[in-house]
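Here is a short briefing on one protein model, arranged by topic for reading beside the structure.

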Amino acid sequence: MLNAKILGSGKAVGSTVMKNDELEKEMSLPKGWMEKASGVQSRYYIDPSRNESALTLGVAAAKQAIEESGLALEDIDCIIGANGSPLQAIPCAASLYQRELGLEESGVPCFDVDTTCYSFPLALFVASKLINNAVYKHILIISSDTPSKTLDQSKKKVRTIFGDGAAAFVVTSSKGDSKINKFLLKTYSSGADFTCVKGGGTLRPPNDPATMPNDNRFQMEGRKVYKAAVRYLPSFLEEFFLNSISKEEYKFIIPHQTSKKGITIFEKFGFKREQIGDHLATHGNCIAASIPMLFHDLLSTRKIDRGDNILLFGTSAGLSLGALSLTY
């Protein structure tokens, strides 16, 4: 148990609302195919002509989170980047966020935490540990992903599901009921190739003639990811809920917004439909930003109050399963 408290949150999305009928027409798909396949009706895309990017969305969300926290920008003493996809290979995204926030000469430490789609809850756990150990006082976590410009245009199921967005949270110490209750992460690397971008690193560097253009594109075998996750999920949840808060005590489970099936499956594991957070239809899957974006939406609409128990659950490339229990 870690005494940590969320002080503020923020969210930003691309300015273009991309609806299914536009994409279906562009890809010569039957009307209604996309919603039936994924549960997504529309998603937000960045507009590069307006200078929108994962960097600008992340900074916008961060400014909102800091303002909501009641702190000054100068009070932030650590920045953690928790993207599911890198802004660039080097340096870490957090340092680029720091510069855009006007803190480039501040010396505020910056680093990234990356387990793709589950990066935010992992970053929240790491931040809480650092705060509990009195290393830092006010930590800013930023998750921002804009896959719309990187997707293989021919992959209809991949293009259907993904959207662009960002969220940011400010975390500090807690002297009251707010706390991190439990964290569990398990990785099964037999599924490492199910979701990947194989290029861009030292195994397939860009200057190697053997590196193919497709190596630098996002690749996902969604059916294999789902089947593997479902296979591991029963034992994972059994371990997580052992000697822990019961399912009935959670106000919300906030799952990674993978697909309609990936969200409703939690009804089979003892959660009521009204407990399961969901904005997939209007946002799609925003990779690592999905969980914190939905968390922010539930907070901003006052569906979550202080003292409510919340479960952040997700799967990510690796293949990993993660769960973090917190009392807001």
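Glu221 is partly exposed, with a relative accessible area of 36%. Its side chain meets that of Lys224 in a salt bridge, 3.2 Å from N to O. The model is a predicted one. Ten salt bridges are found in the structure.

**Salt bridges**

- Lys224, the partner of Glu221, is partly exposed as well, at 42% relative accessible area.
- Asp47 and Arg50 form a salt bridge through their side chains, with N to O at 3.6 Å.
- Asp47 is buried, at 18% relative accessible area, whereas Arg50 is exposed, at 57%.
- Asp47 counts as buried because its 18% falls under the 20% cut-off.
- Glu267 pairs with Arg273 in a salt bridge of 3.7 Å, N to O.
- Glu267 is partly exposed at 38% relative accessible area, and Arg273 is partly exposed at 34%.
- Shared partners join Glu267, Arg273 and Asp278 into one salt-bridge network.

**Positive surface patch**

- Lys227 sits in helix 7.
- Lys227 is exposed, with 56% relative accessibility.

**Helix 4 and its surroundings**

- Helix 4 spans residues 93–100, and its buried residues are Ala93, Ala94, Leu96, Tyr97 and Gln98.
- These buried residues pack against helix 3 (54–69), strand 4 (78–81), strand 5 (110–112) and strand 6 (139–145).
- Gly102 follows helix 4 and has a positive phi, near 85 degrees.
- Pro91 lies in the loop between strand 4 and helix 4.
- The bond that joins Ile90 and Pro91 is a cis peptide bond, with omega about 0 degrees.

**Helix 10 and what follows**

- Helix 10 (residues 290–300) is mostly covered, with ten of its eleven residues buried.
- The buried residues of helix 10 include Ile291, Met293, Leu294, Phe295, Leu298 and Leu299.
- Ser290, His296 and Asp297 are also among the buried residues of helix 10.
- Arg302 follows helix 10 and belongs to the loop between helix 10 and strand 12.
- Arg302 has a positive phi of about 60 degrees, although it is not a glycine.
- Arg302 is exposed, at 71% relative accessible area.

**Buried strand residues**

- Ile141 is in strand 6.
- Ile141 is buried, with a relative accessible area of 0%.
- Leaving out residues up to four places away in sequence, Ile141 touches Ile80, Ala82, Phe120, Ala123, Leu124, Ala127, Ala167, Ala168, Phe169 and Val171.
- Ile141 and Ser9 are 132 residues apart in sequence, with their C-alpha atoms 9.4 Å apart in space.
- Ser42 is in strand 3 (residues 42–45).
- Ser42 is buried, at 13% relative accessible area.
- Beyond residues up to four places away in sequence, the contacts of Ser42 include Val17, Met18, Lys19 and Asn20.
- Leu280, Ala281, Thr282, His283 and Gly284 are also among the residues that Ser42 touches.

- Most residues other than glycine have a negative phi, and most peptide bonds are trans.
- Asn243 has a positive phi, near 55 degrees, and is not a glycine.
- Asn243 lies in the loop between helix 7 and strand 11 (250–255).
- Asn243 is exposed, with a relative accessible area of 78%.
- The peptide bond from Gly318 to Leu319 is cis, with omega near -10 degrees.
- Leu319 is in the loop between strand 12 (309–316) and strand 13 (320–327).
- Gly201 is in the loop between strand 9 (195–196) and strand 10 (219–220).
- Gly201 is partly exposed, with a relative accessible area of 34%.

Note on methods: Residues numbered from 1 in each chain as written. Predicted model: local features only at pLDDT ≥ 70, side-chain atom pairs only at ≥ 80, totals over all residues. Heavy atoms only, no water. Salt bridge = Lys/Arg side-chain N within 4 Å of Asp/Glu carboxyl O. Buried < 20%, exposed > 50% of the residue type's maximum accessible area, 1.4 Å probe, protein only. Helix = DSSP H or I, 4+ residues; strand = E, 2+ residues; numbered from the N terminus. Contact = heavy atoms within 4.5 Å.
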